[in-house]
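Here are my notes on this one, jotted down as I went through it. Have the viewer open while you read.

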Amino acid sequence: MELLKQAIRERGKVLSDQVLKVDTFLNHQIDTQLMTAVGHEFAERFKDSGITKVLTIESSGIAPSFIAADELNAPLIFARKKKSLTMNHDIYVSQVHSFTKRETNDITVSKDFLEAGDQVLIIDDFLANGQAALGLIDIVKQANASIAGFGIVIEKSFQTGRQQLEELGYRVESLARIQSLEAGKVTFIEDSTSIHN
Ligand code: 5GP
């Protein structure tokens, strides 16, 4: 998606060979116009998949999922990273190791919002080593629901997440695929375009 790649080129910051900072439009400040376009693109790609629920993980997955869920006419559910006091005991729980925070957390979804027969689109901001995705898969499986595929805003293709999901047989739609962050440059997979930070 060219608009997204342009934002990454112009507003992203390469923190290391492994980590890209996109606080200016996705992870802290949200560019609502760009996230609207991102959500629209996800909805277009999955419009024929019979989606009944969109599932993401708080907090950075929510913005890119909102318009997708709206256009697919499906509720948007976000897995919580902290248990809420108002959540009763009827919850699905899985464990996710965070790549950026280097900690393992329980993620939870209320059993009220996912059920057998649901066709779920899972959306997240980044796909790195696939830990968040595997936790969300676990939760959908606990609900006996099905996964239509993954919508990823930024995939770091040099890490193992995409390969793991494909080996499990899932469809992965990533709007920007980064081949490398080496030497402070973002190189995308499709066109080998590079930038310096
Ligand atoms: P994974 O679970 O696939 O290893 O990592 C995905 C999660 O880690 C994403 O939800 C995102 O929050 C975070 N993450 C992974 N890599 C990056 C990165 O390079 N930059 C930022 N900002 N977040 C990342």
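**Notes on the model**

1. Let's start with aspartate 48, which is exposed at a relative accessible area of 72% (exposed is over 50%, buried under 20%, partly exposed in between, with a 1.4 Å probe and protein chains only). Aspartate 48 sits in the loop between helix H2 (32-45) and strand S3 (53-57); helices (H or I, at least four residues) and strands (E, at least two) are DSSP runs, numbered from the N terminus. Its C-alpha is separated by 9.5 Å from that of leucine 72, 24 residues apart along the chain.

2. A word on ground rules: this is a predicted model, with local features needing pLDDT of at least 70 and side-chain atom pairs counting only at pLDDT 80 or more, while totals for chains, interfaces and linings use all residues. Residues are numbered from 1 along each chain as its sequence is written, and side-chain values use heavy atoms, leaving out hydrogens and water.

3. Glutamine 159 is worth a click. This residue is in the loop between S8 and H5 and is buried, with a relative accessible area of 8%. Its side chain makes a polar contact with the side chain of glutamine 18 at 3.1 Å (a pair of N or O atoms within 3.5 Å; within protein, one must be able to donate a hydrogen and the other to accept it, and residues adjacent in sequence count only if both atoms are side-chain atoms). Setting aside neighbours within four places in sequence, glutamine 159 is in contact with Gln18, Phe99, Ala128 and Asn129, contact being heavy atoms within 4.5 Å.

4. Now the rings. The count is one aromatic pair, where rings of Phe, Tyr and Trp (its six-membered ring) pair if their centres lie within 6.5 Å, and planes under 30 degrees apart are stacked, over 60 edge-to-face and the rest tilted. Phenylalanine 150 and tyrosine 170 have ring centres 5.6 Å apart and planes at 70°, so they go down as edge-to-face. The pair links distant parts of the chain, 20 residues apart: phenylalanine 150 in strand S8 (residues 146-156), tyrosine 170 in the loop between helix H5 (161-167) and strand S9 (172-180). Both phenylalanine 150 and tyrosine 170 are buried.

5. Charges over rings: arginine 171 lies over the face of phenylalanine 46, 4.2 Å from the ring centre, and lysine 5 over that of phenylalanine 188, at 5.4 Å. The test is NZ of Lys or CZ of Arg within 6 Å of the ring centre and within 35 degrees of the ring normal.
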